[in-house]
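This report covers helix geometry and helix packing in the structure shown below.

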Amino acid sequence: MANYTQESFTRKLDNQPLFKEAVTEFLESIFPFLEQYGPDEEVYMRLERLLEPERTITFKVVWENDEGILQVNRGYRVQFNSALGPYKGGLRFDPSVTEDVLKFLGFEQIFKNSLTGLPLGGGKGGSDFDPKGKTDNEIRRFCVAFMTELSRYIGANTDVPAGDIGVGAREIGYLYGAYKRLQNRVDGTLTGKGTGYGGSFIRTEATGYGAVYFIKEMLAHVGKNIEGMRAVISGSGNVATHVAEKLIAEGALPLTLSDRDGYIYAEEGLLQEIVDAVKVLKEKKGSLKDLPLPHGCVYCLGTPWKAIKAQLFIPSATQNEIDEDNAQAIVANGAVLVAEGANMPSTLDAVKVFKESGILFGPAKAVNAGGVAVSGLEMNQNASHTQWTTDEVDAELRMIMKRIHDTCVRYGSVGSRVDYVNGANIGGFVRVFEAMKQLGW
Ligand code: NDP
């Protein structure tokens, strides 16, 4: 048998640092798990095939700004793995978007989607377009131009995109509006749609609410209760604001929300009114520094990781926001639990610190899977031309997050402790790997 090592799989990924980081974390769980198969070369060759996207599409997006001048950006769709179902994953509009960013996100998405138990493959897409400072008309023209290209490659049974950083309700509306006109089809391709035109109730809230449901399961597993716990949250977008909102509903205290410049901090906990004001501010792409704050709430520059003591830390902004140094500060600041609301917000070194410290650590694949889970439910509703009630969707979401937790416990338990990184990686992997085998891939 050829000598397959983790290094032999990651060696050629040096020019894709984020993808390499995601693959490295994954293989650290998978290699020990594969030992049970013995020296079976087919297993390792199948693993090698899993690391390669089925298709990566790159396209030019030409759009007109308000001055009538044509602008150009780059669009992408990484169709990573369709063993379990149509490619499924969000679109990100941010200047930092590259093929590397989307490959890491698409790769993570495969196993996250698998963990939900729904028939969803994995993919991701987006553009280096910066929505900041653009007018509503410019955003719409960009979305139409982007979809003019993307619409050739997607469809309800092929590839179903959703939102991500920089792509919220407004952008999904413009993208789906363009798709419908281009394809003359109303088949629900794209999730996160408005509830008046095919969207599911709770989809907007699902990632943040699902994260809190998962955190509650993690705490309950060690006999702890979320009520009264103090939480540091980063980000102030879709995920962060809905994490904060659900924490308040559960009797916990969200202390912070952040953006690219700084964060707001309320020692007694942010009130729902502030969370609502942040949502309105961010819909208009505003900055937290311009938010009028009530007594007891302050604005600080930088990040909250080293400054604030809390039991729960929930990074919900972007990748690699917590390095080793921040991780050590988080542990020293009293963390009982770190749960990743964003995708890969902790570097590999940071994850090592969390694991070694013995605190509870919930990886993104499991913690933030609620968003794609309700997207899957939205596809289900569209296919059957129905709309479920808020309570029905919320009950399904709770059940799916509990099931993901059960899977993590099943594959990640070491004695009485649960290694959630191993649990999520292995639990997500086995379903995809088995399907690939049966499909002859
Ligand atoms: P939004 O665009 O709604 O919000 C992103 C937030 O993160 C904003 O507050 C933004 O700040 C902040 N942010 C972005 N980039 C940086 C950066 N480089 N440094 C500091 N802050 C930054 O995105 P979402 O809330 O949808 O997504 C957040 C994370 O959650 C991402 O990792 C995403 O992939 C992940 N996720 C999202 C899901 C969803 O359903 N939306 C599902 C699963 C995962 P500013 O306001 O200044 O731009």
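## Helix α7

A kink of about 30° is present in α7, with its centre on Tyr-209. The model is a predicted one. Helix α7 spans residues 203-221, 19 residues in total. From the first C-alpha to the last, α7 reaches 27 Å, close to the 27 Å expected at 1.5 Å a residue.

Gly-223 follows α7 and has a positive phi, near 75°.

## Packing of α8 and α9

Helix α8 covers residues 238-249 and helix α9 covers residues 272-283. Their axes come within 10 Å and cross at roughly 165°. An angle over 145 degrees counts as roughly antiparallel, so α8 and α9 are roughly antiparallel to each other. Their crossing is left-handed.

On the α8 side, the contact is made by Thr-241, His-242, Ala-244, Glu-245 and Ile-248. Helix α9 contributes Gln-272, Val-275, Asp-276, Val-278 and Lys-279. By class, the residues of this contact between α8 and α9 are four nonpolar, three polar and three charged.

## Packing of α10 and α11

The axes of helix α10 (residues 324-332) and helix α11 (residues 348-357) come within 7 Å, crossing at roughly 25°. Angles under 35 degrees count as roughly parallel, and α10 and α11 are therefore roughly parallel to each other. The crossing of α10 and α11 is right-handed.

Glu-324, Ala-327, Gln-328, Ile-330 and Val-331 of α10 make the contact with Asp-349, Ala-350, Val-353, Phe-354 and Ser-357 of α11. The contact of α10 with α11 comprises six nonpolar, two polar and two charged residues.

## Packing of α14 and α15

Helix α14 runs over residues 390-412, and helix α15 over residues 420-438. The two axes come within 7 Å and cross at roughly 100°.

The contact of α14 with α15 has six nonpolar and six polar residues, and no charged ones.

Note on methods. Residues are numbered from 1 along each chain as its sequence is written. This is a predicted model: local features need pLDDT of at least 70, side-chain atom pairs count only at pLDDT 80 or more; totals for chains, interfaces and linings use all residues. Side-chain values use heavy atoms; hydrogens and water are left out. Axes are lines fitted to C-alpha atoms, for helices over the stretch in contact, and angles run from 0 to 180 degrees between N-to-C directions. Helices (H or I, at least four residues) and strands (E, at least two) are DSSP runs, numbered from the N terminus. Angles under 35 degrees count as roughly parallel, over 145 as roughly antiparallel, 65 to 115 as roughly perpendicular and the rest as oblique. A crossing is left-handed if the near helix is turned anticlockwise from the far one by less than a right angle, and right-handed if clockwise. Contact means heavy atoms within 4.5 Å. Ala, Val, Leu, Ile, Met, Phe, Trp, Tyr, Cys and Pro count as nonpolar, Asp, Glu, Lys and Arg as charged, and the others, Gly among them, as polar. The expected span of a helix is 1.5 Å times one less than its number of residues. The bend at a residue is the angle between axes fitted to the seven residues ending there and the seven starting there.
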